[in-house]
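Trainee: I would like to go through this structure one question at a time. Please show it before we start.

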Amino acid sequence: MISFVNWMNNSTKVGYLYFILGTLMFFSGLYITKSTSDFIDNALSANGTVIELIRRDDSFYPVVSFTDETKKQHTFQSSFGCSPACYKEQEQVNVLYSVGNINN
């Protein structure tokens with residue numbers, strides 16, 4: 001086992017592998033940051049209301065209802081939950097949504 005650790009510490013191949021993985025992670029982070037920034041720049045904002053909290057896997061996931069710019073009502077369950085609950089029922093929240101991509 002010790003010889004394997006010594007080989008890994010002295011191997012340039014391992015260094016190249018870490019360099020390639022680090023570079024891929026760096027560019028993935030840039031892509032995700034750019035995608036999020038583009039969404040925020042183009043998203044519309046609406047006031048929503050937490051209408052229910054669903055408990056799953058020891059976390060609370062809010063169900064939010066909001067009205068879009070065409071006065072159509074939309075309801076969705078957040079994909080992010082927390083414990084203890086981050087929101088209370090009937091709490092007002094800000095919703096960002098893409099005009100052509102509202103999923104009910």
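Trainee: Leaving aside its neighbours within four places in sequence, which residues is valine 95 in contact with?

Mentor: Keep in mind that this is a predicted model. Contact here is judged by heavy atoms within 4.5 Å. With neighbours within four places in sequence left aside, the contacts of valine 95 are Leu44, Ser45, Ala46, Gly48, Val64, Phe66 and Phe76.

Trainee: Which residues make up the largest nonpolar core, and which element gives the most to this core?

Mentor: Seven residues form the largest nonpolar core: Ala46, Val50, Val64, Phe66, Val93, Val95 and Tyr97. At least two residues of this core come from each of β1, β2 and β4. With three residues, the element that gives the most is β4.

Trainee: How many bridges pair β1 with β4, and what is the bridge partner of leucine 44 in β4?

Mentor: Strand β1 covers residues 44-56 and pairs with β4 in the antiparallel sense. The pairing runs over six bridges. For leucine 44, the bridge partner in β4 is tyrosine 97.

Trainee: What is the volume of the largest pocket, and how many residues does β4 give to its lining?

Mentor: The lining has 13 residues, and Val64, Phe76, Ser78, Ser79 and Phe80 lie nearest the centre of the pocket. Two or more lining residues come from each of β2 (59-67), β3 (73-77) and β4 (92-97). By type, the lining divides into nine nonpolar, four polar and no charged residues. The volume is about 280 Å³, and β4 gives the most to the lining, with four residues.

Trainee: Where is proline 84, and what is omega for the cis peptide bond that joins it to serine 83?

Mentor: Proline 84 sits in the loop between β3 and β4. The peptide bond joining serine 83 and proline 84 is cis, with omega at about 0 degrees.

Trainee: Is lysine 71 buried or exposed?

Mentor: Lysine 71 lies in the loop between β2 and β3. Its phi is positive, about 70 degrees, although lysine 71 is not a glycine. The cut-off for exposed is over 50% relative accessible area. Lysine 71 has 70%, so it counts as exposed.

Trainee: What is the relative accessible area of glutamine 90?

Mentor: Glutamine 90 is found in the loop between β3 and β4. Its phi is also positive, near 75 degrees, in a residue other than glycine. Glutamine 90 is exposed, and its relative accessible area is 55%.

Conventions. Residues numbered from 1 in each chain as written. Predicted model: local features only at pLDDT ≥ 70, side-chain atom pairs only at ≥ 80, totals over all residues. Heavy atoms only, no water. 1 Å grid on protein atoms, 1.4 Å probe; cavity = no way out; pocket = protein on both sides within 12 Å on 5 of 7 lines; lining within 4 Å. Points joined across faces, edges and corners; volume = space filled by probe spheres on them. Nonpolar A, V, L, I, M, F, W, Y, C, P; charged D, E, K, R; others polar. Pairing = 2+ DSSP bridges. Core = buried A, V, L, I, M, F, W, Y, C linked by side-chain atoms within 4.5 Å. Buried < 20%, exposed > 50% of the residue type's maximum accessible area, 1.4 Å probe, protein only.
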